[in-house]
Amino acid sequence: MPSDNLTLELLRSVVRPVIAKAALPSPDVIRQTIDEFRGLPSLAVSDEEAEQLARDIESQLEINMTLGSVIQEQGFVEWYPAAKAGIDPIYWERYRILLEQKGFAPQVLATLDQVTDRITGLLENPNRDGPWDRRGMVVGHVQSGKTANYTGLICKAADAGYKLIVVIAGIHNNLRNQTQQRIDEGFVGRDSSHPKRPPIGVGKFSRQSTPITLTTATSDFNAAGAGIAGMELKASTVPVVLVIKKNSNTLKNLITWLKAHNTGLMSEFVDAPMLLIDDEADNASINTSANPGEAPRINALIRELLNLFRRKCYVGYTATPFANIFVDPDTEHDMLKADLFPRDFIITLDPPTNYFGAAKIFQTDEGKAHLRDIDDNGDILPIVHKIDFRVVDLPETLLEAVRTFVVARAIRILRGQGRAHTSMLVNASRFTNVQKQLRNHIHEYVKKLERAIRYEAAMEDTSPHILALKQTWKKEYGGLEFSWKNIKGVLLESIAPIQVVEVNSGSAGNLDYADHAENGLQVIAVGGFSLSRGLTLEGLTVSYFLRNSIMYDTLLQMGRWFGYRPGYEDLCRIWMPVEAQGWYEHISESIDELRDEMRRMEQAKLTPKDFGLKVRSHPDSLIVTARNKMRTAESVNVSIGLSNEFIETYALSANPDHVTANFNSAKDLVATLVSRSGVPERNRGNYLWTDVPADDVVLFIERFINHQRSLHTSSKPVADFIRAGMSGELSSWDVAVVGRNTGSTDVLKADELGLELYCQERTLGKAWRAGDFYLVGNKSRVSSRGIERIGISEEMQRSAEESYRQGKSGSEPINYPDRIFRDVRQRPLLLIQPLDLRTDEESRDPQRVSQVAVIAWSISFPRTKFEHRAATYAVNRTWWREYFGGDSDEDEGASDEAA
C-alpha cells in the first residue's frame, strides 16, 4: 500500500540534507540512505515510492547554475571578501540551511552563495565612515528566483552591519503581502502577523538576533500601528526590515516617521546604513504610468527616502532590461542624471538548468510542445473589449484548459503530489467586472464537471462531461504512465478541492498558501494586472492567456508560467493566441541578445553607462520609448542603433503597384550585380555576391516601397545609417538572393529576376490586412533560422558556435541563434527574399498555384566602431494607434483592474 503524501514528504525532507552533505552521492549511496530512514515506522514508504524519491534526488543533483555577468564603474574596490573573516554569518547560515531543506540543488545553492557574495561586495561596507551612496541593478528572469536572491543579499548585508533594510515590493497588496511572507520565512524567522506563534522558516534553526519587522504579512507600514514609533535605528542591536508597497502614501508615511524619530537637531540625515531593495524596479521609474503625475511622484519619493540617509545603497531587481530606467529617449545626460540609474553596477543572474523559461518554451521544439492555440474566442471573448462587456459563454479552448487542469491534478495525485499546491491561471481581461463574470462561468463549469464525476462516472460513453474529460486525457496525457482507469479513479479527489477565485485589487480571492501548507491550495486564479507582475502562483500547471499587449516588459511579466516545475513540467500547458506566441519568441531572443551583450561588455570592462546606451538604442526599445512618450506628444523621434543588429521587412505593402515596383527594384539590383560579376554558383538555393559597393545597396533601399508598420526598415533612416558607415565597415557588402534548391509545380518560381530560383513559401500572419499589408507569419519574422550564416566561412561559423557553447551549461540542447554569426561578420549582408505568400487555407490547397512573388529584404549589420550612432525614426500617434491599438492600455503603472 502506498503511504500518505505527508509521510513521503517528511522522508524527503529528512533524506535530502544528509545526501547533500555526501562528497559524491552515487545512486547506491542515495538508495542506501533512503533505506536507512524508511526503516523507521514514521518514515515507512513503499518500494515504488522509495525508488521514485531516489530518482527525484538524482535529478536534483544534476541541476546546476552558472554565474552571470557583472559590469561596473571602474575604481571601486570590493571590500566583502577581505571582511568575511570578521563577519559572523548568522542570518546567511540559517537561510542556507532553510534552502537546503527546501530541496535547493547543491550546485544551485553554491552558485547562489557566490552570486550574493559578489552583490554584497558591490554594495558599500556598512562600517565605512562618512557619506556614501551606491546604485546598482540585478537583472534576473521572470519567476526565476529573484526573491531568493535578494533575501540572500539581505541576510549577508545584515550580517555585515546594515541596520535598515527596505524592500519595495510592487504596487498591489497581494504581491507586497506575499513578499513579506517570504522575508518572514527567510530572514525574520517568525510570522509577522502572529508574532506569538511558533517560529517559522529560519527561526527554527536559530533565534539569535531576530530582526525587527515594522510591517506584517497583512499590513503595510504605518507609523502609528508599528507600536514602536519612537524607536531609533542607530540604537537597535538587530537589523530592522520593512516590506512596503510601491505607493506614494506609504512612502510619505515612512519618510515622515524617519524624519520624526531618526533625524535630530544636529543633522537632517539618518545615520544608520540603509539598503533599499526595489523589486520590479522598472515599475518605479519616470514615465511608466498612464497617470502623468503618479510615476514621477513615486520616483521622487524613493529618491527623497534615499536622500534621508548619509550612507545608503539602492539595488533594483528586474527581469525586463528594456525597463524605462534605461530607455529615456532624450539625451545621455538625462539618463545619467536620473537618481535611480544603476550607475555603479549591473549584474545578470543566470537561471538554473531546470528553469522553465521563455527561451525554453518559445525557442525549442521541446518547449513548444507545451503551447496550445486560442483561435475560437472571437465574439465570445474578444481580446479587445470594453469595460461593460458581457460574458455569456466561454470559448471551447478555455473549457478544454479547465478539463486539462483537472486531469493534470489527477496525475499529480497518482504521482504522490496530491498535497502540493496546484494552480491554473486565467488572464483574459484587464477589467474587474469582466474578471468576475469569467470567474463565475468557470466556477459553474467546474461544478458541472464535479457533479458529472460524482454521479455519472460509470457512463463515460453517454455522459458528455465524462467523455470530454476522457478525450482531454487522451489528447494531452494519453502517452504518460497512467491509464484512463487510473485517472478516472481519482478525478473526484482532483476536482473537489478546486476553488475559482478572482485575484485583483477589488477581490477577496485568497492565495494564502501558508494556510494550506498541509493539504495544498488547489486554485483557478482569474485576474488581470495582479497576475502580471511579481505574484507567484504556486504549482502553476495550466495557463490561459488572452491579452493584446505587445509591450516587451509588460508581456514578459505576464508570463507567470515561467519558473520551476519539479515532477510535473511535462503536465504544463499554455493556451495563447498564435500571434502572442510569435511575440514571446521574438522577445525572448531579444532578451538573450542583451544578456550576451552584457557578457561581451564584462570582458571589455565597459560600464553601466555603456549598457544603458545599448539598451536605449536597441531596436526593441522603440516599443517602450514610444509607449512612454505617446501620452504627451503627437509625434516623437526615436534613435535606434543598427550596429550588430538584424532588421527585415516583415510587414509588406499589399498594393499591387507597390508589389510590382519592389519586384522591379530587386530585378534591377540583380541585373547590376550580374553585369558586374556574373551569376555565382547557387548554394542551397541561394545566390551570393561579395564585395558589392554600398551605393548599390543604398539605391535599392531608397527605391523599395516600405510599409510603415515595418518601422525599423524605413528607407531614409536605414539609408542614412549606411551612408554614415560607407567610409568604414559598411563600404563593402555581401548581397544574397535567397530561395530554395527545388520545388514542386505549385511553388512559385522567380525566373524574371534572371535567376533559376524557387521562392520560399511563407504563411500570412493572423493579423495581415487584405488590401493594405501582408504580415509575414505570426512572429514578425521573414527569415528562417540560420540565414545569417550566409557569407561567413565555415571556420568562422565553427568559431562562433564554440564561443557560444562556452557560455552555456553542458546539459542544455545547443540551439545556435543567428546573432552569434552576426557578431563575427566581416561585411554587412543584404538579403533579397522573393516570397510565395499564402493564407493557411491556400497552404493546404494542393491545386493552388502562386502568381506573384512578393519581395522582402533583410540586413545583417556587423558590429561597427560607431556603435552608438543611431538611425532616427519618426513615430506619430496615428501610427501607434493604427498598428498597436491606441495609447497603450497596458502600461505598468495603470490600474488595469479598476472597474
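**A parallel sheet and its helices**

Reader: Strand 13: how much of it is buried?

Author: Six of its six residues are buried, so strand 13 is largely enclosed by the rest of the structure. Keep in mind that this is a predicted model.

Reader: Which strands does strand 13 pair with, and how do they run?

Author: Strand 10 is one partner, joined to strand 13 by five bridges and running parallel. Strand 14 is another, with three bridges, also in the parallel sense.

Reader: Which residues face each other there?

Author: Met424 has Val542 in strand 13 as its bridge partner. Ser543 stands opposite Ile574 in strand 14.

Reader: What does the whole sheet look like?

Author: The sheet is open and has six strands, in the order 9-14-13-10-12-11, with parallel pairing. Strand 9 (371-373) and strand 11 (499-503) are the edges, and each pairs on one side only. On average, neighbouring strands are turned by 20° against each other, direction ignored.

Reader: What holds strands together in general?

Author: Strands of a sheet pair through backbone hydrogen bonds, either parallel or antiparallel.

Reader: Back to this one. How many bridges join strand 10 to strand 12?

Author: Six, between residues 422-427 and residues 522-527. Val426, for instance, has Val526 in strand 12 as its bridge partner.

Reader: Which helix packs on strand 10, strand 11 and strand 12?

Author: Helix 16 (residues 432-456) touches those strands, and its direction makes about 175° with that of strand 11.

Reader: And helix 15, which strands does it lie across?

Author: Helix 15 (residues 396-414) lies across strands 9, 10, 12, 13 and 14. It runs at about 170° to strand 10.

Reader: How do helix 15 and helix 17 cross?

Author: Their axes come within 9 Å and cross at roughly 75°. Helix 15 and helix 17 are therefore roughly perpendicular to each other.

Reader: Which residues meet there?

Author: From helix 15, they include Glu400, Arg403, Val407 and Ile411. From helix 17, they include Leu469, Thr472, Trp473 and Tyr477.

Reader: New topic. Where is Arg565, and is it buried or exposed?

Author: Arg565 is in the loop between helix 20 (552-557) and strand 14 (573-576). Arg565 is buried, yet has no salt bridge.

Reader: Which side chain of opposite charge is nearest?

Author: Glu538, which is 7.2 Å away.

Reader: So what does Arg565 touch?

Author: Phe356, Leu540, Arg560 and Cys572, not counting residues up to four places away in sequence.

Definitions and conventions: Residues are numbered from 1 along each chain as its sequence is written. This is a predicted model: local features need pLDDT of at least 70, side-chain atom pairs count only at pLDDT 80 or more; totals for chains, interfaces and linings use all residues. Side-chain values use heavy atoms; hydrogens and water are left out. Helices (H or I, at least four residues) and strands (E, at least two) are DSSP runs, numbered from the N terminus. Buried means under 20% relative accessible area, exposed over 50%, partly exposed in between (1.4 Å probe, protein chains only). Lys and Arg count as positive and Asp and Glu as negative; His and the chain ends are not counted. A salt bridge is a side-chain nitrogen of Lys or Arg within 4 Å of a carboxyl oxygen of Asp or Glu. Contact means heavy atoms within 4.5 Å. Two strands pair if DSSP finds at least two bridges between them. Axes are lines fitted to C-alpha atoms, for helices over the stretch in contact, and angles run from 0 to 180 degrees between N-to-C directions. Angles under 35 degrees count as roughly parallel, over 145 as roughly antiparallel, 65 to 115 as roughly perpendicular and the rest as oblique.
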